[in-house]
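Okay, thanks for coming, everyone. Let me put the structure up, and then I'll walk you through a few spots in it.

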Amino acid sequence: MLPRLKPINCFLTLLGAAIQAVGVSNIHAYSGVTEGGVLGATLLINHWLHISPAITSLVLNGACYLLGWRTLGKDFIWYSLLAGGGFSLFYALCEPFAPLWPELIQSPLWSALLGAVFIGVGAGMSVRAGGAAAGDDALAMSLQRILGWDIQWVYLITDFTVLALSLTYIPLGKLAYSFLTVLLSGQIIGWIQRIPSRK
């Protein structure tokens, strides 16, 4: 039996997924500035243990979604399927036209700043609606529920942990802009979560 999902939450989930897809396909995929989370963890494991990200991303994302289902319930899974599927669809639609801003991605600073806005706003909308387009969003939502912390601090701690471990094989200068985009995107997600709901 399908759950009764709220149309406004479905809309916000898909809009958030679309915004994330535009940012990842046009900025992160070309600039060398990235996020932490599951993607960073899979690259770290691949470097040190030589296990393909095809395997580790499946395992890590699956574990994060399982934790999300256990702590956040069935509706979380349905909204997350919508968010993840929407992200894949919108990424496929954006990919043939990317990069839309070739001059912008030459600047690591602008890539970090605008990448953070796209990720922060997109993930923030999907998370606020109750879904997670990626495993690290599911992990952040679950840890927020378990620990009672504001979500931006959960994102910051998990992403910074992955990026700090990545210093074992990526130079600090190259990771500095990724630290900036992680810091800003996590704060934007937190701001979106604090917007008062209309009754």
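**Helix 8 and its surroundings**

So, helix 8, residues 172-194, has 23 residues and runs 33 Å from its first C-alpha to its last, close to the 33 Å expected at 1.5 Å a residue. That expected span is 1.5 Å times one less than the number of residues. Helices here are DSSP runs of H or I with at least four residues, numbered from the N terminus.

Before I go on: this is a predicted model, where local features need pLDDT of at least 70 and side-chain atom pairs count only at pLDDT 80 or more, while totals for chains, interfaces and linings use all residues. Residues are numbered from 1 along each chain as its sequence is written, and side-chain values use heavy atoms, with hydrogens and water left out.

Back to helix 8. Its buried residues include L175, F179, V182 and I189. Buried means under 20% relative accessible area, exposed means over 50%, and partly exposed is in between, with a 1.4 Å probe and protein chains only. What do the buried residues of helix 8 pack against? Helix 1 (7-31), helix 5 (108-129) and helix 7.

In helix 7, residues 151-166, have a look at S166. S166 counts as buried because its relative accessible area is 3%. Leaving aside neighbours within four places in sequence, S166 is in contact (heavy atoms within 4.5 Å) with G40, L44 and L175.

Now to the surface. W48, L49, I51, I55 and V59 form a nonpolar patch there, with about 500 Å² of accessible area together. For a patch, residues need over 30% relative accessible area and no salt bridge; like charges are joined within 9 Å, and nonpolar side chains (Val, Leu, Ile, Met, Phe, Trp, Tyr) within 5 Å. A salt bridge is a side-chain nitrogen of Lys or Arg within 4 Å of a carboxyl oxygen of Asp or Glu. The areas are Shrake-Rupley with a 1.4 Å probe, and for residues only the protein chains shown count as cover. Helix 2 (37-49) and helix 3 (53-72) each supply at least two residues of the patch. V59, in helix 3, is exposed because its relative accessibility is 53%.

In the loop between helix 2 and helix 3 you'll find H50. H50 isn't a glycine, yet has a positive phi of about 60°. Buried or exposed, this H50? Exposed, with a relative accessible area of 66%.

That's my tour, so over to you.
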